[in-house]
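The sequence and the model are shown first.

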Amino acid sequence: MLFSRTSKFGTARAIVLWLGVSLAATAGVGAETVSRPGRSTIHSTISTTTGAAAKRGTRTKASGAAKARARVARIRAARRNSARALAEASTPRYRTDESGNVVPDIRAAAAIIYDPATGKVLWEENSQDERSIASITKVMTAIVFLESATDLNQEVVITRADTLHASTTYLRTNDRIRLADLLHLLLLPSDNAAARALARLSPLGYDAFIARMNQKAEDLGLDHTAYVDPSGLLSDNISSAYDMARLIAFAGEDDRIGPIMRTPEYAFRTSAPGAGRIITVHSTNQILRAGAGDVEVRGGKTGFISKAGYCLATLLKLPQGGPSLAVVVLGANSNLGRFWETRHLLSWLSARTQLLGLASPAVTQ
């Protein structure tokens with residue numbers, strides 16, 4: 001097996017805050033023309049007020065305790081659901097095809113195993129279907145920006161247009177940052193403001209940059225690919241698993257893009273009016289972060305928006321002099337699911353290769 005099923009991913013931790021609310025009762029004082037109440041009246045008023053406050057306090061405590069129990073129940077249910085989802089995702093599924101071969105039965109909408117060296121498809125399902133690709137878009141953004149970039153140490157200023165409604169970003173308006181750092185933000189934590197800034201700062205200008213992304217796709221023969229923005233936030237950025245396999249293979253072997261995609265963690269400093277910040281980011285590619293073990297991660301990019309589902313394009317070099325293979329999973333059901341599907345596909349391919357006694361992966365189509 002190329003991966004151990006005992007690989008651990010980070011687990012989400014829930015923090016529950018319980019704010020207790022206390023009610024204070026106040027007694028009003030009459031105008032000077034109103035006579036003072038007698039001692040018995042005062043005691044009666046105090047007793048009544050105290051009793052009512054006690055009852056309200058009891059009800060408040062009971063309500064707070066009930067809410068706390070409900071929150072705890074929700075947390076426990078979420079943990080059980082998460083454990084079930086992990087157990088399901090980490091269990092490979094297979095089916096028998098029309099030729100009687102045992103093949104992967106993926107939970108994702110589309111997937112492919114592609115050998116860039118030979119151009120052969122080793123396995124696929126719905127690999128030509130056009131789908132939204134979310135932030136895998138950023139691979140093309142990096143390719144096009146680097147076509148004209150000359151000085152990646154140049155410091156640039158982030159604008160409000162870059163950060164506005166960016167969803168995922170570490171940047172603030174008026175930050176000063178190097179272009180090299182923007183590229184790392186683009187490809188590691190999938191920063192949307194970084195994608196906008198790179199398109200805006202290109203000598204082409206924002207609109208012409210998008211046009212060049214589409215022209216580059218055509219130049220590379222990506223016939224099912226089209227871009228409308230540089231970040232992937234828009235669902236009209238579309239491609240196919242086959243096209244994205246070819247693109248990630250191209251980018252992974254680029255000596256400027258590949259090393260960034262192979263970086264698990266990156267830290268840098270911004271400068272801004274007043275004071276700068278140190279920002280540390282991590283790759284969203286959990287196969288890289290967890291340690292691939294038997295394979296070398298040559299490149300990879302994740303993507304997610306609701307219409308696209310969870311997506312992953314990777315370029316993985318097999319051990320013992322094996323080839324580099326592109327594995328793409330589009331439209332997985334969960335964040336962990338896309339990584340497990342990739343692991344299962346490689347494990348199946350490895351087992352099939354060993355069964356057939358082949359030195360290189362067997363073509364299944």
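## Strand pairing in the sheet

In this predicted model, Ala-111 stands opposite Glu-125 in β4. The strands β3 and β4 are joined by five bridges and run antiparallel. They form a hairpin with four residues between them, and Gly-119 in the turn has a positive phi of about 75°.

On another side of the pairing scheme, β3 is joined to β13 by five bridges, again antiparallel. Here the bridge partner of Ile-112 is Val-328 in β13. Strand β13 (residues 324–332) also pairs with β12 (residues 309–317) in the antiparallel sense, and Val-327 in β13 faces Thr-314.

| Strand pair | Sense | Bridges |
|---|---|---|
| β3 and β4 | antiparallel | five bridges |
| β3 and β13 | antiparallel | five bridges |
| β12 and β13 | antiparallel | seven bridges |

These pairs belong to an open sheet of five strands with antiparallel pairing, in the order β4-β3-β13-β12-β11. Because β4 (120–125) and β11 (296–305) stand at the edges with a single partner strand each, one side of each has no neighbour in the sheet. Neighbouring strands are turned by 10° against each other on average, direction ignored.

Burial can be followed along β3. Six of the six residues of this strand (110–115) are buried. In a regular strand, side chains alternate between the two faces of the sheet. Both faces of β3 are covered: Ala-110, Ile-112 and Tyr-114 are buried on one side, and Ala-111, Ile-113 and Asp-115 are buried on the other.

Note on methods
Residues are numbered from 1 along each chain as its sequence is written. This is a predicted model: local features need pLDDT of at least 70, side-chain atom pairs count only at pLDDT 80 or more; totals for chains, interfaces and linings use all residues. Side-chain values use heavy atoms; hydrogens and water are left out. Two strands pair if DSSP finds at least two bridges between them. Helices (H or I, at least four residues) and strands (E, at least two) are DSSP runs, numbered from the N terminus. Axes are lines fitted to C-alpha atoms, for helices over the stretch in contact, and angles run from 0 to 180 degrees between N-to-C directions. Buried means under 20% relative accessible area, exposed over 50%, partly exposed in between (1.4 Å probe, protein chains only).
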